[in-house]
Amino acid sequence: MELVFALFFGLILGSFLNVCILRLPQGISITTPRSRCPQCKKLISWYDNVPVLSYVILGGKCRHCRKKISARYPFIEGLTGVVSALLYLKLGFGVEWAIYLGFSSALIVLAFIDLDHRILPDSITLNGIWIGVLINVYLAPPSPLVSRILRAMDLEITNPRLIALMASLLGIIVGGGLLWGVAEAYLRLRGIEGMGFGDVKMMAMVGAFLGAPMALLTIMLGSLLGSVIGLFFMRFAGKARDYELPFGTFLGLAGIIAVLYGDDLVRLYVERMIQPNL
Ligand SMILES: [Zn+2]
């Protein structure tokens, strides 16, 4: 029953994310004007705005002008619904579920705005950085990495909130710093801006929320997804070699995988690769 609620809540949230993806890059308010058909500009009634269901009932067409509605709207609603349900299965209902659903939603919005416009709005990334720091201080999750570093430096800091604060700041430095380094190297070597500064800020946000190890995992997964899908597109979809890949889209997808399965992936890696004999 709760799982069904999580799914439906995610579907409705996804419907709101669609509005954000459409309006944020244009600088239009995400709350006041009600949604209109992009073709005939007629207001969409509440009964035609039910996530996924309305799309299916209307056969993917506007009720008034019968023009096609992009399948992306129900896709994003469905995606958000599934992420919400998976987060419930991992965390149960509570503050953590709400926080990580909010974080995942921000990544979904960033991923699709980057896909459409090749930009990652500061209003999400920069605000995400300080919100991520505050949330870590509030939740104070243990950080084995920071604890180990502090022990190695002979520092006796045991306050869990202080450790969480350091873990979040380290995440910003590692996540943002790594991408900044790659962007700089790219610029020096080839004289072109291979990566926008938006990716750097986005990864600083991911690091602020998830800490350094998960930020690293996100960059690795995102690069892997980008290479595989990018090569596929150049080979089969006839995209030019200089086709600019939406790296933020892959990072967003990778970040959600890190939230849901990062712990398991890291544990699997440690068990299989680093300590195969244990
Ligand atoms: Zn219409």
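Residues are numbered from 1 along each chain as its sequence is written, and side-chain values use heavy atoms, with hydrogens and water left out. Because the model is predicted, local features need pLDDT of at least 70 and side-chain atom pairs count only at pLDDT 80 or more, while totals for chains, interfaces and linings use all residues.

Me: How many disulfides does a search of the whole structure find?
Reply: A disulfide is a covalent bond between the sulfur atoms of two cysteines. The cut-off used here is a pair of cysteine sulfur atoms within 2.5 Å. Across the whole structure, the number found is zero.

Me: Is C37 buried or exposed?
Reply: Buried means under 20% relative accessible area, exposed over 50%, and partly exposed in between, with a 1.4 Å probe and protein chains only. C37 has a relative accessible area of 7%. C37 is therefore buried.

Me: How do α3 and α4 run relative to each other?
Reply: Helices are DSSP runs (H or I, at least four residues; strands are E, at least two), numbered from the N terminus. Axes are lines fitted to C-alpha atoms, for helices over the stretch in contact, and angles run from 0 to 180 degrees between N-to-C directions. Helix α3 (residues 72-91) and helix α4 (residues 95-117) pack at about 150°, their axes 10 Å apart. Angles under 35 degrees count as roughly parallel, over 145 as roughly antiparallel, 65 to 115 as roughly perpendicular and the rest as oblique, so α3 and α4 are roughly antiparallel.

Me: What is the handedness of the crossing of α3 and α4?
Reply: A crossing is left-handed if the near helix is turned anticlockwise from the far one by less than a right angle, and right-handed if clockwise. For α3 and α4, the crossing is right-handed.

Me: Which residues of α4 meet α3, and how do the residues of the contact divide by class?
Reply: Contact means heavy atoms within 4.5 Å. From α3 come R72, F75, I76, L79, T80, V83, S84, L87, Y88 and L91; from α4 come E96, W97, Y100, L101, S104, I108, F112, L115 and D116. Ala, Val, Leu, Ile, Met, Phe, Trp, Tyr, Cys and Pro count as nonpolar, Asp, Glu, Lys and Arg as charged, and the others, Gly among them, as polar. The division is 13 nonpolar, three polar and three charged.

Me: How is α4 oriented to α5?
Reply: The axes of α4 and helix α5 (residues 122-139) come within 12 Å. They cross at roughly 165°. That angle makes α4 and α5 roughly antiparallel.

Me: What is the handedness of the crossing of α4 and α5, and which residues of α5 meet α4?
Reply: α4 passes α5 in a left-handed crossing. On the α4 side are V95, E96, I99, Y100, A106, V109 and L110. By class, the contact has 10 nonpolar, one polar and one charged residues. The α5 residues are I124, T125, I135, Y138 and L139.

Me: How are α1 and α3 oriented to each other?
Reply: Their axes come within 7 Å and cross at roughly 140°. The crossing is right-handed. The contact of α1 with α3 has 14 nonpolar, eight polar and three charged residues. By angle, α1 and α3 are oblique.

Me: With which residues is K201 in contact, leaving aside its neighbours within four places in sequence?
Reply: K201 is found in helix α8 (residues 197-236). At 18% relative accessibility, K201 counts as buried. Its contacts are D122, T125, L126 and I129.

Me: What is the phi of V52?
Reply: V52 sits in the loop between α1 (2-23) and α2 (53-57). V52 is partly exposed, at 27% relative accessible area. Its phi is positive, in a residue other than glycine, and near 60°.

Me: Is D154 buried or exposed?
Reply: D154 lies in the loop between α6 (144-152) and α7 (160-190). Its phi is near 60°, positive in a residue other than glycine. With a relative accessible area of 70%, D154 is exposed.

Me: What distance separates the C-alpha atoms of T158 and S147?
Reply: T158 is in the loop between α6 and α7. At 67% relative accessible area, T158 is exposed. T158 and S147 are 11 residues apart along the chain, and their C-alpha atoms are separated by 8.4 Å.

Me: How far apart in space are A183 and L224, C-alpha to C-alpha?
Reply: A183 is in helix α7 and, at 15% relative accessibility, counts as buried. A183 and L224 are 41 residues apart in sequence. In space, C-alpha to C-alpha, they are 17 Å apart.
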